Amino acid sequence: MQQLQAFLLSRYGVASYGTLTANGFPRWTIDQALRTGIVRRADRGTFALPQADARLVDAARSQASLTRISAADVLGWWLLTPPETVHVRCDAARTIPGTVIHRGQRSAHRLIAPPRQILRDAFRCLPRLDALVMAESAVITNAVGLQALQKEFSGQQDWQVRTLLGTIRRTTASPLEVCARFHLLNAGLRVETEVALPGIGRVDLLVDGWLIIEIDGFAFHSSREHYRVDRRRWKASAAAGWITLRITAELVLHRPEEFVDLVEKTRDMWSLRVRRRQQ
């Protein structure tokens with residue numbers, strides 16, 4: 001019985017009868033799990049744990065697989081915008097109320113599309129930044145390899161996506177850093193992510209090799225120790241002569257033009273001061 005639970009958990013709580021029997025679970029084991037309430041019958045030929053995500057249960061009933069932002073949400077990838085509509089992939093024409101259908105080949109044993117397919121759907125339909133945040137999260141969590149993802153977009157028409165994938169860094173610590181880097185690179189600035197500076201520690205972003213960008217996220221200073229570590233790093237950078245800009249999440253997410261303008265003005269002002277001192 002515990003093996004059945006563990007298997008269902010590995011499938012995010014939902015599986016078809018065919019999938020269960022194909023993996024060695026006999027009918028009597030499934031029946032006993034139903035009687036004891038360990039699993040429930042979600043639909044004819046579909047079984048689920050009580051806590052299973054309703055989107056997966058509905059996908060199983062509709063012979064579909066979650067994709068795009070719906071799949072990313074279940075998988076725990078970074079998202080800029082919470083999913084408002086369920087997106088699924090179907091290999092047959094059908095209409096599912098309240099659901100966006102993506103036509104294409106799917107595996108009958110997969111209730112979540114493969115990571116590369118999820119991201120292909122994302123880059124096809126979502127704003128570039130939203131899709132990039134998902135892709136970077138997938139690479140960082142080892143859901144997909146960067147090289148394999150780049151091969152997925154090897155077509156001539158995919159050159160813009162390949163350019164975006166080339167900016168992905170496995171050291172990125174948050175979706176806010178992805179957004180900040182995206183906007184700064186689009187402005188033509190030279191940006192490094194999660195840079196370890198001697199005597200200071202790791203900083204969020206480094207522009208032109210000398211301007212530190214630290215982004216205050218929603219959970220900023222979530223603990224007293226976090227606050228102390230941050231202040232020690234700030235003091236060390238100031239003592240060493242580094243220039244630091246502290247940027248709010250709201251500025252990066254909702255006023256990116258203002259964010260880029262602030263970084264450019266700070267860079268230009270301090271570059272001018274340095275040149276004047278050297279004259």
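Just after α4, Q63 takes a positive phi of about 55°, where helices (H or I, at least four residues) and strands (E, at least two) are DSSP runs numbered from the N terminus. This is a predicted model, in which local features need pLDDT of at least 70, side-chain atom pairs count only at pLDDT 80 or more, and totals for chains, interfaces and linings use all residues. Residues are numbered from 1 along each chain as its sequence is written, and side-chain values use heavy atoms, with hydrogens and water left out.

Within α4, which covers residues 54-61, the residues R55, L56, V57, A59 and A60 are buried, meaning under 20% relative accessible area with a 1.4 Å probe and protein chains only. Among the elements that cover them are β1 (14-16), β2 (40-43) and α5.

## Helix α7

Helix α7 (residues 128-140) reaches 18 Å from its first C-alpha to its last, close to the 18 Å expected at 1.5 Å a residue. Eleven of its 13 residues are buried, so α7 is largely enclosed by the rest of the structure; the buried ones include L129, D130 and V139. Just after α7, N142 has a positive phi of about 65°.

## How α6 and α7 pack

The axes of α6 and α7 lie 8 Å apart, and the two helices pack at an angle of about 165°; they are therefore roughly antiparallel to each other, a term for angles over 145 degrees. At this packing, I118, L119, A122 and F123 in α6 meet R128, A131, L132, M134, A135 and A138 in α7, with contact meaning heavy atoms within 4.5 Å.

Conventions: The expected span of a helix is 1.5 Å times one less than its number of residues. Buried means under 20% relative accessible area, exposed over 50%, partly exposed in between (1.4 Å probe, protein chains only). Axes are lines fitted to C-alpha atoms, for helices over the stretch in contact, and angles run from 0 to 180 degrees between N-to-C directions. Angles under 35 degrees count as roughly parallel, over 145 as roughly antiparallel, 65 to 115 as roughly perpendicular and the rest as oblique.
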